[in-house]
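I opened this model to look at two things.

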Amino acid sequence: MKSSAISNRNLFSPSEAKKIELLDNRELLEFISHYTDLMEPSSVFIVTDSEDDYEFIKKKSLEYGEERPLSAPNHTYHFDNYYDQARDKENTKVLTPNGEKLPFINTMERNAGIRDIEGLMKGIMRGRTMIIGFFSLGPRDSKLSLKAVQITDSYYVMHSEMMLYRTDYQFFVNHKDAEFLKFVHSQGEVDDRKVSKNLKDRRIYFDLQGNRALSVNTQYAGNTVGLKKMAFRITIGRALNEGWLSEHMFLMGVNGKDGRVSYMTGAFPSACGKTSTCTVPSERLVGDDLVFIKEYNGIARAINVEYGVFGIIDGVNREDDGKIWDVLNSDNEIIFSNVLVSNGKPYWNGMNIPIPDFGENHSGEWKRGKRDAEGKEIPPSHKNARFTVKLSAFSGLDVEALNSKEGVEVKGMIFGGRDSDTWPPVCESLNWDHGVINKGGSIESETTAASLGKTGVRTFNAMSIMEFLSVDLGKYLKNYLEFGAKLNKKPHIFAVNYFLTENGKYLNDKVDKAVWLKWMEKRVHGEVGAILTPIGYIPRYEDLAPLFKNVLGKEYSKEQYEDQFKIRVSKLIEKEERIKEVYEGIPTTPSKVKEELNAEIERLRALQPSHGDEVSPTAL
Ligand code: SPV
Ligand code: MN
């Protein structure tokens, strides 16, 4: 099919027609024709890999007011509608053929879903430009990567996407039969602040069968930037079918002895320390959110799918997150979203410098004490306010790993939740299956007072993937277990918990994670021993004390160690009973899951009569 076959040729100016001429990929041209016919834009802009196109997208985003400049060079800010500040769970649906139901997942019958969302998309781009971008999920020439095409009418969305991912128009020019994921987005009508207006018609639908995700009447990047959490739902499905792992994980290199670097992935629910772990100053950042892990010759190899960071800005300050702080105060290109802007400067909660009493934020003109329609006081910035930046802005970036075609060997996998009274700060699983089930598959995250009003409500969040899951959880776990069985060198699996408390106070400082990373790195290479407990291996005091000294220059007392690493027997049993109950409700759960959970509960119970309810690590 030649590009002359594309309908609506008149939408393409001569320069854009030239760009489309080079792409005679039937599936691609049909895809573009379908959505130009449906959404009726007044023109089309094709984003190639050129610097000019990049500058054009940036310029247009400012011209239309989707982004506005801050005083610092290269810094802009963007607002989403006050009620469009995060992923919209209610209106996010996985479209399934014949309306098949999946545990935990909001599903809808595929044809009905497509009719619904395409009905809302009819004519939605009238008077606007449709922007079409071509991307690579992962390094351009890596066999682990996938290709994708994004259609949107938001310059902010395309700009964000170009900061967060690698463009790859040239691949589509070179490969007429390129297979690709499809993303279609329209922000719908906007108000005079340029935020999406028709939130009641907000939809985020996933069509796994068609390798396609569609969203409309929203701007928040998690709902709109296709290659981020839209692609993720689709690649989770592909990974399951093809026997690899598509995960909600960071990728980092931990520096070890004699220049050794050990790569680790980490899965944490949102706001549980994921980005701040992979940006620990002493280590090497590769990526902070999404990885593909595939098996080659018995080894698990990972790539970071992304090229930038869309990070939570809330609570970022010089003391706790130095590396991120430096990025935010650099001249690198940054989009600040849903922060407070006052006198051309961005401000956010928890930045540990005084925040002005006036400005503009996600609610419009703001002054301290302002309340929203529900009577709730509006803080300076939204809890989910974000920064968007290219990875190249970070010091200590592992560029080689980021661009590696083969990916890097995964030595360790880290799972973390938000747990006030169960998991110790760090613990190594007994083996792969135990790690997949009792660590990754057992993550819980507690709600905090700030977000829901009710504290301590534990949300089950296996692999921190639950909000993105698009397949049956039982089958997903089965794939994980089978993936491990293929490996000759299995990554060590660890669980961490930064949120242990006693009498309402955290038992650890935020920076302590730097020590746990070093300990895990040593474990991977068998350089430190450990104490075997019913839940796995925990560190010995004599190994941690020198690490605290060397890494953080801190004294680490025996009392701190005891408080942090004591085995909280009945709390752990309660947790595992909760997890067991969840899996018992899923018919496809592999039998191994129940076995591993029961075995651990038994090990814990066996300890109680002789050791009591709180067991000191030194008693084991
Ligand atoms: C997360 O919340 O896990 C994010 C941001 O990475 S979002 O794009 O909303 O998923
Ligand atoms: Mn994420």
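I looked up the buried area between domain 1 and domain 2: about 1,400 Å², with 69% of it on carbon and sulfur atoms. Buried area here is the accessible area (1.4 Å probe) that two parts lose on being put together, summed over both. In domain 1, Phe 104, Ile 236 and Leu 240 lose the most area to domain 2, together 38% of what that side buries.

The model is predicted: local features need pLDDT of at least 70, side-chain atom pairs need 80 or more, and totals for chains, interfaces and linings use all residues. Residues are numbered from 1 along each chain as written, chains are lettered from A and ligands numbered from 1 in written order, and side-chain values use heavy atoms, without hydrogens and water.

I checked the bounds: domain 1 is 9-66 + 84-242, and domain 2 is 251-279 + 411-619. They come from an automatic or database domain assignment. The C-alpha centres lie 36 Å apart. I found 15 residues of domain 1 in contact (heavy atoms within 4.5 Å) with 16 residues of domain 2.

I then looked for salt bridges (a side-chain nitrogen of Lys or Arg within 4 Å of a carboxyl oxygen of Asp or Glu). The domain interface has 1. Arg 87 forms a salt bridge with Glu 467, with the closest N and O atoms 2.4 Å apart.

One of its polar side-chain atoms lies 2.7 Å from a ligand oxygen atom. For a side-chain N or O atom of Asp 289, the distance to a ligand 1 oxygen is 3.2 Å; for Arg 386 I noted 3.3 Å.

Key. A polar contact is a pair of N or O atoms within 3.5 Å; within protein, one must be able to donate a hydrogen and the other to accept it, and residues adjacent in sequence count only if both atoms are side-chain atoms.
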